Amino acid sequence: MTNGQTRRTALGAMAAGVGMAGVGLMAMTDQTTAQAQTGGKTFVLVHGAWHGGWCWRRVSDLLEKKGHKVFAPTMTGLGERSHLIGGKIDLATHVTDIVNVIKWENLNDIVLVGHSYGGVIISGVAEQMRDAIGSIVFLDAFVPANGDTLAAKASQPVREAIAGLVEKGETAMKPVPAAVFWVNEKDRAWVDAMCTPHPVATLTDKITLTGARERIAKKTYIRAPRYPQPTFDAALAKCKTDPTWKTFELKASESGHDVMVDAPGRLVEILLQVA
């Protein structure tokens with residue numbers, strides 16, 4: 001064998017070795033990434049009335065940067081799906097919106113979070129998908145009992161407005177101004193621009209519950225007391241007496257009702273604590 005052939009053979013062997021090392025390094029990197037992802041949690045964030053998945057963007061970004069998986073679906077007839085609003089949208093429609101995300105994405109051990117009206121929705125979701133829920137969180141939200149309607153539990157002005165719409169045969173309710181919910185001043189115009197009319201039937205339908213929510217191991221209630229709502233105060237007080245629930249109260253200076261908008265960092269801290 002000539003010296004040239006020997007050098008070519010040696011260089012070829014070196015290149016092959018480097019190639020195999022690269023493949024090994026890629027495999028190790030992929031394995032490390034997979035392990036990191038395995039340690040993350042999966043969050044399903046359910047918005048309240050008049051809102052959409054858009055309201056969770058700040059929270060979603062923070063959670064994803066920490067390696068968690070986040071789903072923030074918009075329910076039918078709202079947000080980017082507002083073109084679908086109509087009289088046929090009822091409470092079952094919105095519950096099914098969230099149930100189907102969990103089913104089609106094949107999600108398990110999720111942290112299911114419901115804000116305000118979303119508390120009614122996640123209670124209904126628990127009836128169908130309890131085994132997929134590792135932790136359920138009510139964020140300044142309604143915690144309905146069997147047979148409850150949101151219309152009956154809402155503040156008096158909202159109750160009266162809903163009753164008036166039903167009497168007139170209207171199928172959608174215009175958004176409540178962000179200022180009413182004590183959204184911070186710099187974000188009020190944005191929130192008002194993004195909110196859309198809400199299907200009335202979802203507010204007047206009775207929910208059927210059999211206790212699935214209570215059988216979830218981790219349950220949390222978060223109250224933002226700057227927004228006055230006796231129903232939420234009562235929910236917090238009840239949860240405090242039950243050792244199976246964790247409770248958190250934000251400072252009035254921290255946030256209004258839309259905690260995901262006003263205090264996303266603080267909310268993420270709490271969500272990771274109860275996940």
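## The β-α-β unit

Strand 1, helix 2 (residues 57-65) and strand 2 build a right-handed β-α-β unit; right-handed here means that, with the strands pointing away from the viewer, the path from the first strand over the helix to the second runs clockwise. Helices (H or I, at least four residues) and strands (E, at least two) are DSSP runs, numbered from the N terminus.

This is a predicted model, where local features need pLDDT of at least 70, side-chain atom pairs count only at pLDDT 80 or more, and totals for chains, interfaces and linings use all residues. Residues are numbered from 1 along each chain as its sequence is written, and side-chain values use heavy atoms, with hydrogens and water left out.

Strand 1 (residues 42-46) is mostly covered, with five of its five residues buried (under 20% relative accessible area, 1.4 Å probe, protein chains only). Thr42, Val44 and Val46 point one way, Phe43 and Leu45 the other. In a regular strand, side chains alternate between the two faces of the sheet.

Strand 1 runs parallel to strand 2 (residues 69-71), joined by three bridges, and Thr42 sits opposite Lys69. Strand 3 (residues 110-115) is also parallel to strand 1, with five bridges; there Val46 faces Gly114. Pairing takes at least two DSSP bridges between two strands.

## Helix 2 against helix 11

The axes of helix 2 and helix 11 (residues 264-274) come within 9 Å and cross at roughly 55°. Axes are lines fitted to C-alpha atoms, for helices over the stretch in contact, with angles from 0 to 180 degrees between N-to-C directions.

Methods. Buried < 20%, exposed > 50% of the residue type's maximum accessible area, 1.4 Å probe, protein only.
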